[in-house]
Structure formats: C-alpha cells, structure tokens
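Good morning, and thank you for coming. Please look at the sequence and the structure as I show them, and keep both in view while I speak.

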Amino acid sequence: MNLDSVCASLRAAADRLAACTAEEKNRALSGVASSIDASRAEILEANARDVARARSTGMTEALIARLALTDEGLTDITGALGTLVAQT
C-alpha cells in the first residue's frame, strides 16, 4: 500500500466518520482502544523492528525517540481514547 492510497482511504473514512452520531463515534473509539490492548504485544514487536530498521539506516535518535513506543505509551493512548469517549 502506498502513501497516496493510505491518504485516500483516510479521507474517505473521515467523511464517513463526520456523518456518524456521537454514540457511533464513541463505539469506534472504544473499539480502537480495545484493539490496541488486544494487540499490544504485536504492536510493540513491530515497533521494535521499525526502531531497529530506523537505527540501521541512520535515522537520528531524536526521530527514533518519536517513533519508539512503550507499553506505557500504549496505555497513555488507550487512556486518551477513553477520555474522549467520556467527554460526550
């Protein structure tokens, strides 16, 4: 999948999301948080490979620090999604 097709998919999803009710959006956000939790190990393993590849290609440590995920970071992301759900 190339960047142009990813962007086109995101634009289409944004249009569909704009037409959703708050309840539907909240279900989607909760689903994303649940998926992150269920896939936590796989996400961290894939991210470790990405970080290793970034280092091997000479990416700066400042950019690698932005790329790197931790278990705590994933918890922060899922917590933020929960906060968004709770606000509506």
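At the start of α1, which backbone nitrogen does a side-chain oxygen of N2 reach? The backbone nitrogen of D4 is the one reached, to within 3.1 Å.

Before I continue, a word on the source. This is a predicted model, in which local features need pLDDT of at least 70 and side-chain atom pairs count only at pLDDT 80 or more, while totals for chains, interfaces and linings use all residues. Residues are numbered from 1 along each chain as its sequence is written, and side-chain values use heavy atoms, with hydrogens and water left out.

Let me turn to helix α1 itself, which covers residues 3–18. Helices here are DSSP runs of H or I with at least four residues, strands are runs of E with at least two, and both are numbered from the N terminus. Helix α1 has 16 residues and spans 22 Å from its first C-alpha to its last, close to the 22 Å expected at 1.5 Å a residue. The expected span is 1.5 Å times one less than the number of residues.

The next subject is R40, which is found in helix α3, residues 40–56. Is R40 buried or exposed? R40 counts as buried because its relative accessibility is 15%. The term buried means under 20% relative accessible area, exposed means over 50%, and partly exposed lies in between, with a 1.4 Å probe and protein chains only. Setting aside neighbours within four places in sequence, R40 is in contact with D71, L74, T75 and T78; contact means heavy atoms within 4.5 Å.

Now to the charged pairs. A salt bridge is a side-chain nitrogen of Lys or Arg within 4 Å of a carboxyl oxygen of Asp or Glu. How many salt bridges does a search of the whole structure find? The search finds 5.

One of them joins D71 and R40 through their side chains, at 2.8 Å from N to O. D71 lies in helix α5 and R40 in helix α3, so this pair ties together parts that are 31 residues apart in sequence. D71 counts as partly exposed because its relative accessibility is 41%. R40 also forms a salt bridge with D37, where the closest N and O atoms are 2.6 Å apart. D37 is partly exposed too, at 41% relative accessibility.

A further salt bridge links R55 and E61, with the closest N and O atoms 3.0 Å apart. R55 is partly exposed, with a relative accessible area of 46%, and E61 is partly exposed, also with 46%. Through shared partners, salt bridges join D37, R40 and D71 into one network.

What of the cysteines? The structure holds 0 disulfides, a disulfide being a pair of cysteine sulfur atoms within 2.5 Å. C7 counts as partly exposed at 29% relative accessibility, and C20 is partly exposed with a relative accessible area of 27%.

Finally, consider Q87, in the segment after α5 (71–86). Q87 counts as exposed because its relative accessibility is 60%. Q87 and L63 are 24 residues apart in sequence, and their C-alpha atoms are 32 Å apart in space.

Thank you for your attention.

Terms used
Polar contact = N/O pair within 3.5 Å; in protein donor to acceptor, adjacent residues only side chain to side chain.
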